[in-house]
Amino acid sequence: MAKQKRHMTHDEEFKILTLVLDKFLWLGVAIMAFGFYQLITVSNDLTYGLMILGAGAIVLIIFIAILMREYNFLSNK
C-alpha cells in the first residue's frame, strides 16, 4: 500500500520558507560585515576585503532572486 503525500498549507510553506531565507539573509550580512572588518583592519591589501564584500553581496542577490521567483513579483496579476 503506497503512502499518501502530505500537503502543507500555504501558511506552513511560508513559515518554512521564511526560516530558510532568513538564514541566507544573516549569512550574507555576516559575510559582508567580515569583509568590511577586513577592509578596515588590513590596510595594505584592500582587494581581499572587497572580494569578501562582493561574496556577501552575491549571497544577498541570490536571496533576492529566490524571493522574486518564489513570490512571483514580476508576474502581472
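Modeller: Leaving aside residues up to four places away in sequence, Gln38 is in contact with Tyr48, Gly49 and Ile52. The model is a predicted one, and the values that follow are computed from it. Gln38 belongs to helix H1, an element that spans residues 10–41. The relative accessible area of Gln38 is 13%, and Gln38 counts as buried because this value falls under the 20% limit.

Helix H1 also holds a charged pair. Lys15 and Asp11 form a salt bridge through their side chains, with an N to O distance of 3.6 Å. These two residues stand four apart in helix H1, so about one helical turn separates Lys15 from Asp11. Asp11 has a relative accessibility of 44% and is therefore classed as partly exposed, whereas Gln38 is buried. Across the whole structure, the search returns one salt bridge.

As for the setting, the chain contains two helices and zero strands. The chain has 77 residues, and 17% of them count as buried; Gln38 is one of the buried residues. When contacts between residues at least 6 apart in sequence are considered, 55% link residues at least 24 apart. The accessible surface of the chain amounts to about 6600 Å², and carbon and sulfur atoms contribute 69% of that area.

To return to the part in question, Gln38 is a buried residue of helix H1, and its contacts include Tyr48 and Ile52.

Methods
Residues are numbered from 1 along each chain as its sequence is written. This is a predicted model: local features need pLDDT of at least 70, side-chain atom pairs count only at pLDDT 80 or more; totals for chains, interfaces and linings use all residues. Side-chain values use heavy atoms; hydrogens and water are left out. Buried means under 20% relative accessible area, exposed over 50%, partly exposed in between (1.4 Å probe, protein chains only). Contact means heavy atoms within 4.5 Å. Accessible areas come from the Shrake-Rupley method with a 1.4 Å probe; for residues, only the protein chains shown count as cover. A salt bridge is a side-chain nitrogen of Lys or Arg within 4 Å of a carboxyl oxygen of Asp or Glu.
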